[in-house]
Amino acid sequence: MSAEAGTGLRKGGDQGGGQEGDQSGGRGGGPLRKGLRRNPPTEPHPQGLADDYRPSARRLAHEEYRRSRSRRSALIAGASTLATAVALYLLVVNSPGWEATRKAFFNADYARRALPEVIRGLRINLELMLGCGVLILFFGLLLAVLRTLRGPVFLPVRLLATAYVDFFLGLPMIICLLVMITGVPALRLTGVTTDPMLLGGAALVLTYSAYVSEVFRAGIDSVHPSQRAAARSLGLSNAQAMRYVVLPQAVRRVVPPLLNNLVSLQKDTGLVSIGGAIDAVYAAKIIASRSFNYTPYVVAGLVFIVLTVPLTRFTDWLTRRMNRRQHQGGAV
């Protein structure tokens with residue numbers, strides 16, 4: 001019995017020594033651990049895989065085909081555009097009244113005379129656009145919020161805001177300008193200005209606020225009701241839900257149409273000239289009335305086009321960008 005116990009103790013000692021040798025950190029561990037230290041496992045580097053990649057012949061052929069189709073489309077588009085431009089030029093130049101039209105509307109001498117005066121008058125148009133634009137955004141957003149108020153207690157406010165929007169949406173801009181510029185001074189109210197520039201700007205604000213309010217209201221209505229419900233479930237009041245949840249989403253969605261309204265406002269600032277404000281249009285009118293040549297009007301139109309086209313292109317780019325991000329599931 002003692003021999004069997006001794007044999008068992010020797011086996012247990014051998015097993016314990018083996019485990020201690022395996023668990024030691026390199027102080028006499030087995031040959032397996034030494035082998036692992038000498039030859040650590042290596043993994044292929046991702047950069048190496050990228051360097052070894054070679055596109056297939058089929059993919060190269062497909063890419064070359066797409067490039068050839070793009071070049072072909074560009075050549076066709078350029079040729080058709082050039083042909084259309086040449087056809088329009090020949091049609092205009094060969095018309096019977098082209099010489100008289102060229103002298104009356106495209107006279108280089110009158111254009112050089114009119115350009116400094118038109119640029120000087122353009123300052124009024126830019127001031128009206130910037131000042132009225134800020135007021136229009138403010139009053140338009142206020143009208144949109146008033147029209148979306150809930151509860152029976154706000155019914156008079158909603159009715160007044162709706163009546164205002166309906167009235168100025170239907171009233172032509174030129175009539176609103178005439179009433180403000182000629183009608184307000186006729187009242188002889190104490191403390192009320194008679195400056196045609198300020199009265200014309202007020203007419204622009206009154207009319208465009210109605211248009212912009214509809215844009216803002218469309219953006220507010222486009223926000224899903226669950227957004228407001230989620231805000232209310234978090235403990236926000238109706239005003240806080242509108243301010244922190246609904247309005248930020250609504251404003252981001254209506255930025256392109258707001259920029260389009262700004263482009264229209266920039267052009268309509270020239271209508272204040274009917275009250276006598278010497279803007280770019282009225283400056284062109286003064287020069288044209290002295291010589292009975294209408295080239296200054298063309299110059300004023302080109303100046304407005306130069307200002308409008310970059311803003312229009314920026315609006316188109318912003319619209320495409322927002323649509324692309326929305327389709328990809330990103331934030332609008």
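Colleague: Which helix holds both Arg123 and Glu127?
Modeller: The model is predicted: local features need pLDDT of at least 70 and side-chain atom pairs count only at pLDDT 80 or more, while totals for chains, interfaces and linings use all residues. Residues are numbered from 1 along each chain as its sequence is written, and side-chain values use heavy atoms, with hydrogens and water left out. Helices (H or I, at least four residues) and strands (E, at least two) are DSSP runs, numbered from the N terminus. Arg123 and Glu127 are four residues apart, about one turn, and the helix that holds both is α6.

Colleague: What N to O distance do the side chains of Arg123 and Glu127 have in their salt bridge?
Modeller: A salt bridge requires a side-chain nitrogen of Lys or Arg within 4 Å of a carboxyl oxygen of Asp or Glu. Arg123 and Glu127 meet in one, with an N to O distance of 2.9 Å.

Colleague: Is Glu127 buried, partly exposed or exposed?
Modeller: Buried means under 20% relative accessible area, exposed means over 50%, and partly exposed lies in between (1.4 Å probe, protein chains only). Glu127 has a relative accessibility of 38%, so its class is partly exposed.

Colleague: Which residues do salt bridges that share partners join into one network?
Modeller: The structure holds 12 salt bridges. Those that share partners make one network of Arg147, Glu214, Arg217 and Asp221.

Colleague: Which helix contains the salt bridge partners Glu99 and Arg102?
Modeller: Their side chains meet at 3.0 Å, N to O. Glu99 is partly exposed at 44% relative accessible area, and Arg102 is partly exposed at 33%. The two lie three residues apart, about one turn, in helix α5.

Colleague: With which residue does Arg71 form a salt bridge?
Modeller: Arg71 is partly exposed, with a relative accessible area of 45%. The closest N and O atoms of the pair are 3.5 Å apart, and the partner of Arg71 is Glu64.

Colleague: What length does helix α7 reach from its first C-alpha to its last?
Modeller: The expected span of a helix is 1.5 Å times one less than its number of residues. Helix α7 (residues 155-170) has 16 residues, and 22 Å is expected. Its reach is close to that, at 23 Å.

Colleague: Why do the buried residues of α7 lie on the same side, and what arc do they cover?
Modeller: The buried residues in α7 are Arg158, Ala161, Val165 and Phe168.

Colleague: Which element gives the most to the largest nonpolar core?
Modeller: A nonpolar core is a set of buried Ala, Val, Leu, Ile, Met, Phe, Trp, Tyr and Cys residues joined through side-chain atoms within 4.5 Å. The largest has 37 residues, and Cys132, Ile136, Leu204 and Ile220 have the most contacts inside it. Two or more residues come from each of α6, α7, α8, α9, α11 (238-253) and α12 (255-268). With 11 residues, the element that gives the most is α9.

Colleague: Which residues does Cys132 touch, leaving out those up to four places away in sequence?
Modeller: Contact means heavy atoms within 4.5 Å. On that basis, Cys132 touches Glu127, Gly201, Leu204, Val205 and Leu265.

Colleague: How many residues are in the other core that includes Leu122 and Phe304?
Modeller: This core lies apart from the largest one. Ala300 and Val303 are also among its members, and its residue count is 10.

Colleague: Which residues does Gln249 touch beyond four places in sequence?
Modeller: Gln249 is in helix α11 and is buried, with a relative accessible area of 17%. Its contacts are Val223 and Gln227.

Colleague: Which residues are in contact with Ser273, leaving aside neighbours within four places in sequence?
Modeller: Ser273 lies in the loop between α12 and α13 (280-291). At 12% relative accessibility, Ser273 counts as buried. Its contacts are Asp279, Val281 and Tyr282.

Colleague: What percentage of the residues of the chain count as buried?
Modeller: The chain has 14 helices and zero strands. Of its 332 residues, the buried share is 28%.
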